[in-house]
Amino acid sequence: MKHFYSLFLAIFFASCTTVHRGFIPVSGHGKLYYDERGKGEPVLLLHGHSLDRRMWDEQWRPLSKQYRTIRIDFRGYGRSSEQREDLQMTHVDDVITLMDSFHIQRAHIIGLSMGAFVAGDMLAMYPDRLITCTMASGGIRNSKGPSEPMDTAESKKRDQEIKALQVKGVAKMKQEWIEQLMASGGSQRERMRKPLTQMIDQWTAWQPLHKEVRLFYGKEAWQRFIQQKNTTPTLLIRGAKELNGKKGEPRELQYLKNGRYIVIPDCGHMLNMERPKEFNQAVLEFLNSFPMH
């Protein structure tokens with residue numbers, strides 16, 4: 001009996017640590033890459049701009065011990081297919097496609113920076129698909145949505161920006177971006193230099209070199225959001241260093257019935273990479289407070 005129990009435990013833990021990887025087809029003959037690990041309620045991890053699923057390396061194992069954890073590469077990043085100038089799509093609709101492909105009706109969504117913009121879109125446009133929403137270093141984006149495509153003036157401005165970047169050089173732009181992310185951090189920021197540099201070096205930089213379509217619902221999402229009585233349990237997290245002494249709470253909080261706000265001390269924009277222990281503790285406490293029912 002003891003041998004059987006040991007074998008059962010071995011099989012159970014093996015099933016929890018097995019990583020499933022693959023691609024999900026999305027609109028326009030595109031594909032999204034994903035990693036999946038663990039059992040239980042689904043958690044989706046949404047990465048920041050210029051990065052990919054690997055920015056969640058220090059959340060990957062802790063979350064998958066309790067949850068079915070899926071981290072994705074957005075279209076245009078990591079191993080997913082590139083974006084296109086001639087195809088209107090949004091990142092949040094790609095996330096919904098992935099959930100539908102996995103037959104996931106509702107999930108815990110965790111996003112940071114650009115990933116938080118996508119989580120904010122989801123909070124407003126698809127609240128019924130959420131168990132909880134965690135937005136770190138970002139929220140519902142204050143930008144034009146798909147109903148307001150790029151006009152001539154904006155197109156000309158983008159042509160000038162692209163030309164200026166080509167003159168400067170992508171390598172220099174990437175180095176400046178890395179230093180900008182590093183500069184926002186606190187006393188532990190050097191621990192994230194190597195992984196940030198690796199991801200940004202491998203990033204194709206398609207986005208700053210092209211005219212992106214409206215990838216976020218932004219202002220459209222905000223208008224819908226403020227008209228809702230949104231009951232989704234929502235956690236907003238900021239790094240104290242990035243706030244730079246600014247007082248007040250994120251604007252989303254006043255429209256949320258179940259909103260929480262946490263500031264992590266001595267920490268900047270990339271708080272999950274800079275302060276993983278504090279970030280993981282805050283997120284796990286929040287997720288465990290709102291199980292699916």
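Predicted model: local features only at pLDDT ≥ 70, side-chain atom pairs only at ≥ 80, totals over all residues.
Local features need pLDDT of at least 70, side-chain atom pairs count only at pLDDT 80 or more, and totals for chains, interfaces and linings use all residues. Residues are numbered from 1 along each chain as its sequence is written, and side-chain values use heavy atoms, with hydrogens and water left out.

**Exercise 1.** Work out how helix H6 and helix H7 are arranged.

*Solution.* 
- Step 1: find the helices, which are DSSP runs of H or I, at least four residues, numbered from the N terminus. H6 covers residues 170-183 and H7 covers residues 193-202.
- Step 2: look at the axes, lines fitted to C-alpha atoms over the stretch in contact, with angles from 0 to 180 degrees between N-to-C directions. For H6 and H7 they come within 10 Å and cross at roughly 150 degrees.
- Step 3: name the arrangement. That angle makes H6 roughly antiparallel to H7 (over 145 degrees).
- Step 4: pick out the contact (heavy atoms within 4.5 Å). H6 brings residues including Trp177 and Leu181, and H7 brings residues including Leu196 and Ile200.

**Exercise 2.** Describe the space in the largest pocket and what lines it.

*Solution.* 
- Step 1: get the volume, meaning the space filled by probe spheres set on grid points joined across faces, edges and corners. The largest pocket holds about 700 Å³.
- Step 2: go to the centre. Of the 27 lining residues, His49, Arg141, Gln207, Glu212 and Phe216 lie nearest to it.
- Step 3: trace the helices. H4 (114-125), H5 (152-168) and H6 each supply at least two lining residues, and H6 gives the largest share, 4 residues.

Note on methods: Parallel < 35°, antiparallel > 145°, perpendicular 65-115°, else oblique. 1 Å grid on protein atoms, 1.4 Å probe; cavity = no way out; pocket = protein on both sides within 12 Å on 5 of 7 lines; lining within 4 Å.
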